[in-house]
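Please walk through the model below one region at a time, with the geometric criteria given as each term comes up.

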Amino acid sequence: MLIFAIALLIIVVLLLAEMPIAFAFGIGALVFGIGTGSNISFLIPYAYQTTTSFALLALPLFVLAGTIMAESGISNRLLDFVNSIVGRIKGGLGAVTIVTCALFGAISGSSSAAIAAIGQIMIPRMVREGYPVGHATALVACSSVLALMIPPSIPMIVFAVTGGLSVGAAFLSTIIPGIMLALLYIALNFFFLRNNNDIQVEEKLPLGQAISGVGRSGKKAFWALLMPLIILGTIYGGIATPTEAAAIALVYATVVGFLIYRSLSFKDFWKATKWAAITTGSIITVLFFLFMMSRSMVLQQVPGQIADLLLDLSENRILLLLLINLVLLLMGMIVDDISGSVLAAVVLLPVANELGIHPIHFAAIVGTNLGLGNVSPPCAPMLYMAAGVSKITLDKYIGITLKFLCLGHLPMVMLVTFLPELSLFLPKMLMGIQ
């Protein structure tokens with residue numbers, strides 16, 4: 001435990017010094033492995049074998065499918081469709097942003113991709129129509145983490161593979177919480193803007209024209225909206241595994257981009273492929289060192305010792321669940337969602353098992369809580385990425401961000417933690433898990 005604490009401290013210091021995550025964990029893994037006398041020649045082949053598993057192959061396929069859809073102009077079509085429904089209501093553009101981030105998350109599986117694709121369009125547009133720039137920034141940042149909860153979620157794939165769980169069941173566990181959080185953010189958005197008279201709203205159309213507009217934009221966005229249904233339908237219909245569904249999604253995205261929308265050029269395709277390769281390479285490098293460290297921790301029985309330590313602190317289940325959530329929140333603040341998923345599966349899943357928490361329920365707790373950490377100061381990687389798009393200082397958006405988090409995301413974390421059926425209902429109904 002002492003050597004683990006030293007390795008963990010080294011990792012945190014290196015991360016705060018802005019060393020790349022992969023190298024920080026690589027050094028931490030090396031320190032822990034040498035300090036505990038682990039056989040490095042055993043850990044490296046194990047890490048290699050795990051990163052080349054069939055289930056994890058879904059990761060690069062989903063990343064590439066998402067980047068191809070983004071290059072195809074899919075985000076604009078989604079925005080136009082949602083805007084045709086609620087865009088002419090005061091605060092409606094904020095609702096458009098939230099829903100589109102959720103939909104784009106269902107295509108790309110990545111929070112950062114949602115900020116890059118949606119934030120660069122919606123933040124300037126909201127500001128032009130009278131939204132406070134801090135509100136627009138906070139809205140994009142907080143909504144981006146819906147990508148962790150609306151499948152296919154890349155962090156959920158990683159958590160399931162690391163923890164030996166069903167990827168499909170892990171996907172299902174966060175759907176209901178994700179939809180509820182999106183609706184909660186929409187309600188808060190309208191509430192916060194209720195007295196803002198600077199917001200410009202387009203004149204409302206007669207019912208017939210409004211329905212016609214929704215139909216036109218829906219027709220243009222039809223193939224984009226169909227993609228998540230195809231992915232989830234093939235998985236839960238028993239037609240394909242998540243990895244096979246990712247391959248189907250990739251083929252589908254390519255066909256839609258080239259032949260249906262005809263907005264994808266070979267230059268764009270190459271750009272998307274190159275970006276996906278870089279993204280996948282960085283993720284796999286992080287995972288490689290994390291798998292090395294996690295295997296060494298298991299061999300040294302560190303997860304069991306941590307579980308015993310927490311159980312020695314208290315036998316109160318509620319207190320222990322709150323403590324686990326606090327640890328997850330700190331993880332989300334310090335590292336990205338994928339690294340946090342691996343650490344949660346290795347360090348905290350055994351604790352959850354000791355407490356009698358269903359592993360799929362715990363997957364939902366992890367997915368919901370890591371998203372909160374990713375937009376919670378002081379580190380908040382997704383929050384600062386959104387601020388980089390709007391180019392504003394911390395004081396302009398920190399207040400409204402904390403309001404969204406405290407009144408929206410934090411209550412949802414508590415609901416998911418203490419109402420297991422929110423996350424277990426769909427896995428039980430569609431996959432028959434016990």
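Helix H17 covers residues 337-354, and its 18 residues reach 24 Å from the first C-alpha to the last, close to the 26 Å expected at 1.5 Å a residue; the expected span is 1.5 Å times one less than the number of residues, and helices (H or I, at least four residues) are DSSP runs numbered from the N terminus. The helix is not straight throughout, since H17 bends by about 45° at Leu-348, with a proline, Pro-350, following within four residues; the bend at a residue is the angle between axes fitted to the seven residues ending there and the seven starting there. H17 is mostly covered, with 15 of its 18 residues buried, where buried means under 20% relative accessible area, exposed over 50% and partly exposed in between, using a 1.4 Å probe and protein chains only. Just after H17, Gly-356 takes a positive phi of about 80°.

This is a predicted model, in which local features need pLDDT of at least 70 and side-chain atom pairs count only at pLDDT 80 or more, while totals for chains, interfaces and linings use all residues. Residues are numbered from 1 along each chain as its sequence is written, and side-chain values use heavy atoms, with hydrogens and water left out.

Positive phi values also occur in residues other than glycine. Arg-262 has a phi near 55° and sits in the loop between helix H13 (242-260) and helix H14 (266-299), where Arg-262 counts as exposed because its relative accessibility is 70%. Lys-391, likewise not a glycine, has a positive phi of about 60°; Lys-391 is placed in the loop between helix H19 (381-390) and H20, and is exposed, with a relative accessible area of 70%.

Is Thr-401 buried or exposed? Thr-401 is buried, because its relative accessible area is 0%. Its side chain reaches the backbone oxygen of Tyr-397 at 2.7 Å, a polar contact in the sense of a pair of N or O atoms within 3.5 Å, where within protein one must be able to donate a hydrogen and the other to accept it, and residues adjacent in sequence count only if both atoms are side-chain atoms. Not counting residues up to four places away in sequence, Thr-401 touches Ala-138, Cys-142, Val-375 and Leu-383, contact meaning heavy atoms within 4.5 Å.

The aromatic residues come next. There are 9 aromatic pairs, a pair being rings of Phe, Tyr and Trp (its six-membered ring) with centres within 6.5 Å, counted as stacked when the planes are under 30 degrees apart, edge-to-face when over 60 and tilted for the rest. One of them joins Tyr-185 and Phe-404 edge-to-face, at 5.7 Å centre to centre and 80° between the planes. This pair links distant parts of the chain, with Tyr-185 in helix H11 (residues 175-192) and Phe-404 in helix H20, 219 residues apart. Tyr-185 is buried, at a relative accessible area of 1%, and Phe-404 also counts as buried, at 0%. Phe-404 forms an edge-to-face pair with Phe-192 as well, at 5.2 Å centre to centre and 80° between the planes. Tyr-185, Phe-191, Phe-192 and Phe-404 form one aromatic cluster.

Arg-194 lies over the face of Phe-191, at 3.9 Å from the ring centre; such a charge sits over a ring if NZ of Lys or CZ of Arg is within 6 Å of the ring centre and within 35 degrees of the ring normal.

Methods: Helices (H or I, at least four residues) and strands (E, at least two) are DSSP runs, numbered from the N terminus.
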